[in-house]
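I set out to look up a few packing and pairing features in this entry and to note them as I went. The entries below follow the order of my reading.

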Amino acid sequence: MLSSKQMKSLLATIGPFIGLFLIVTVITILNPSFLSLSNVLNVLRQVSINALIAFGMTFVILTGGIDLSVGAILAFSGAVTATLMAAGVDPILAMMVGLLVGAILGAINGLIISKGKVAPFIATLATMTIYRGLTLVFTDGRPVSGLGESTLFEMLGRGYFFGIPVPAVTMLMSFLVLYLILKKTTFGRRVYAVGGNEEAAILSGIKADRIKIYVYSLTGFLSALAGIILTSRLNSAQPTAGTMYELDAIAAVVLGGTSLTGGRGWIVGTLIGALIIGVLNNGLNLLGVSSFFQQVVKGSVILLAVLLDRKKTA
Amino acid sequence: MKKVLVWVMFAVVGMFLLACSTEAPGSGGNANEDTDNTSNNAAGNDSGDADYTVGFSISTLNNPFFVTLQEGAEAKAEELGIEIIMVDAQDDDAKQVNDVEDLIQQGVDVILINPTDSSSVVTAVSSANDAGIPVITVDRGADGGDVVSHIASDNVAGGEMAGDLLVELLGEGAEVAEIEGIPGSSAARERGEGFNNIATDALSVVSSQTANFNRAEGLNVMENILQSNPDIVGVFAHNDEMALGALEAAEASGMDELVIVGFDATDDAVAAVEAGRLAGTVAQQPTLIGEQALETALAFLQDEDVEDFIPVELELVRE
């Protein structure tokens with residue numbers, strides 16, 4: 001017989017899976033074509049961008065922080081990569097610069113939060129505005145197109161790898177690496193320690209500031225990766241790309257059962273959470289639900305998840 | 001208490017999902033059909049009312065213009081007996097690409113796209129092309145991919161209407177200024193082209209400057225124009241925002257009799273026309289654009305020839 005504490009942790013673990021299963025079942029009953037192979041691959045591709053950002057957000061939230069600037073970092077990195085490519089720079093170099101820029105913007109967040117002692121919400125609210133503004137300045141408010149012909153770059157957003165969309169492959173590979181980092185490395189354990197009890201972590205010799213800077217840099221890097229994939233998918237960089245993506249990413253993390261107070265949670269849940277959001281987006285479209293209603297449904301599902309989460313941790 | 005709340009939430013979400021199913025008649029049925037077999041032209045089952053399904057990806061429904069366009073399309077679809085599936089990209093380029101992919105999954109017969117952006121929509125158009133589903137663009141075009149037809153307001157004709165109005169009100173050879181929209185945008189290019197078709201011969205355009213479709217910039221630009229060309233008697237602005245900015249500048253400098261013509265027929269501009277402050281504004285007809293889109297889709301599905309570009313007429317709003 002399980003104790004009530006064990007029950008709760010079991011529920012926290014399998015809750016997201018049950019939620020995803022229920023939603024998939026309901027949508028499949030209403031529209032059987034939802035579960036066709038081509039649509040499942042379609043959903044995986046659609047989910048990949050949000051999932052990549054949400055993976056980074058999981059690390060940030062595990063340390064007890066939050067990052068509102070991810071959508072703006074996505075747009076800025078995409079714009080940098082696209083501008084370089086449009087200017088004839090080698091696509092691989094352009095992408096590397098884009099990823100580096102994302103990591104640097106993330107590191108700036110980390111520095112402001114750890115060294116500047118600014119609350120993550122406020123710090124990233126400010127940098128979100130700054131990064132978005134810089135994107136608009138950089139692109140003059142216009143989409144960057146004319147990226148030239150690069151098969152490699154096109155593959156990133158639009159290609160297939162053994163029949164599986166490349167963005168989905170990238171997402172799953174990233175997931176695997178990040179899962180191992182979080183589960184098997186000292187760094188992963190320290191992330192949990194900092195979020196669980198920062199003072200205790202510092203007393204036991206963990207450099208909490210450094211962990212935070214790494215975590216925000218990682219999130220910036222993943223946002224940039226998402227931005228480059230999006231740029232490839234759209235064959236252009238949009239200065240307004242990624243607006244409000246921070247909210248979808250946070251929602252994915254929360255739906256996955258990671259606690260917003262830090263220290264508790266897992267990245268598998270985030271993947272499931274991102275899938276729940278993607279399945280809702282796609283399923284509601286397939287059912288012909290108006291977009292206004294879709295927002296009501298999505299918001300309700302997130303609220304439901306948080307209520308259930310409070311119930312099991314209460 | 002919490003338990004009750006959770007169950008209420010469940011019930012609410014459940015109800016929404018059930019309500020949805022009634023809104024999508026037949027979506028379960030035709031979605032299973034072979035997507036690659038949508039080469040409608042081969043569908044020679046001559047019956048005029050073959051049940052066609054049209055997918056319509058619209059850029060945003062948070063803007064009255066596009067809501068009116070949608071209503072025009074939906075009314076026409078009902079009249080023609082075509083099923084229409086609307087998806088709203090909410091001005092998000094990435095969402096639009098996803099939306100179009102979802103429409104492809106449903107195996108619609110033709111996809112109408114009102115792009116959020118001409119360049120980012122290309123991926124969506126190519127996906128539809130790959131699936132063998134014909135694409136028609138509405139209001140904004142696509143920079144690439146295979147598009148059967150493009151339906152949009154005839155901005156060139158609109159620019160000509162504005163030019164004609166200035167000639168009518170001011171007489172041949174009058175000194176006028178042109179306030180241009182965002183350089184390179186199709187609206188600015190075409191409206192300018194139409195206006196200059198008339199103005200080159202019939203008017204004397206002493207100044208052409210851009211104010212980026214923006215009201216505040218329209219005000220600044222007009223102030224500058226009035227400084228350097230105090231004798232002008234008329235102005236054509238590529239949109240109403242700039243026209244209203246120009247109007248502020250003119251009235252502030254006591255030039256109340258300046259004849260200003262705008263474009264778009266926004267509520268503010270129409271009110272200004274009614275008050276006799278603006279001479280006129282050229283109105284797009286979103287309902288007509290929506291209707292035309294559906295008619296073109298049906299014509300194409302029934303194997304009739306359709307033009308690459310179908311201009312939709314504009315309407316002049318004046319006192």
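Which residues in helix 4 of chain B meet which residues in helix 5 of chain B? Working on a predicted model, I found that Val97(B), Val100(B), Glu101(B) and Ile104(B) in helix 4 meet Thr123(B), Ala124(B), Ser127(B) and Ala128(B) in helix 5. Sorting this contact by class, I noted five nonpolar, two polar and one charged residues.

I then looked up the geometry of the pair: helix 4 (residues 93-105) and helix 5 (residues 122-130) of chain B pack at an angle of about 10°, and their axes are 9 Å apart. Since angles under 35 degrees count as roughly parallel, helix 4 of chain B is therefore roughly parallel to helix 5 of chain B.

Next I turned to a sheet. In chain B, six strands in the order 7-6-8-9-10-12 form an open sheet with mixed pairing, and its edge strands, each pairing on one side only, are strand 7 (204-210) and strand 12 (315-318). Within this sheet, neighbouring strands are turned by 20° against each other on average, direction ignored.

I followed one pairing in detail: strand 8 (residues 234-237) and strand 9 (residues 259-263) of chain B pair in the parallel sense over three bridges, and Phe236(B) has Val261(B) in strand 9 as its bridge partner. Helix 9 (residues 240-252) of chain B lies across strand 6, strand 8, strand 9 and strand 10, and runs at about 160° to strand 9.

Last, for the chain as a whole, I recorded eleven helices and twelve strands in chain B, with buried residues making up 53% of its 319 residues.

Note on methods: Residues numbered from 1 in each chain as written. Chains lettered and ligands numbered in written order. Predicted model: local features only at pLDDT ≥ 70, side-chain atom pairs only at ≥ 80, totals over all residues. Heavy atoms only, no water. Axes fitted to C-alpha atoms, helices over the stretch in contact; angles between N-to-C directions. Helix = DSSP H or I, 4+ residues; strand = E, 2+ residues; numbered from the N terminus. Parallel < 35°, antiparallel > 145°, perpendicular 65-115°, else oblique. Contact = heavy atoms within 4.5 Å. Nonpolar A, V, L, I, M, F, W, Y, C, P; charged D, E, K, R; others polar. Buried < 20%, exposed > 50% of the residue type's maximum accessible area, 1.4 Å probe, protein only. Pairing = 2+ DSSP bridges.
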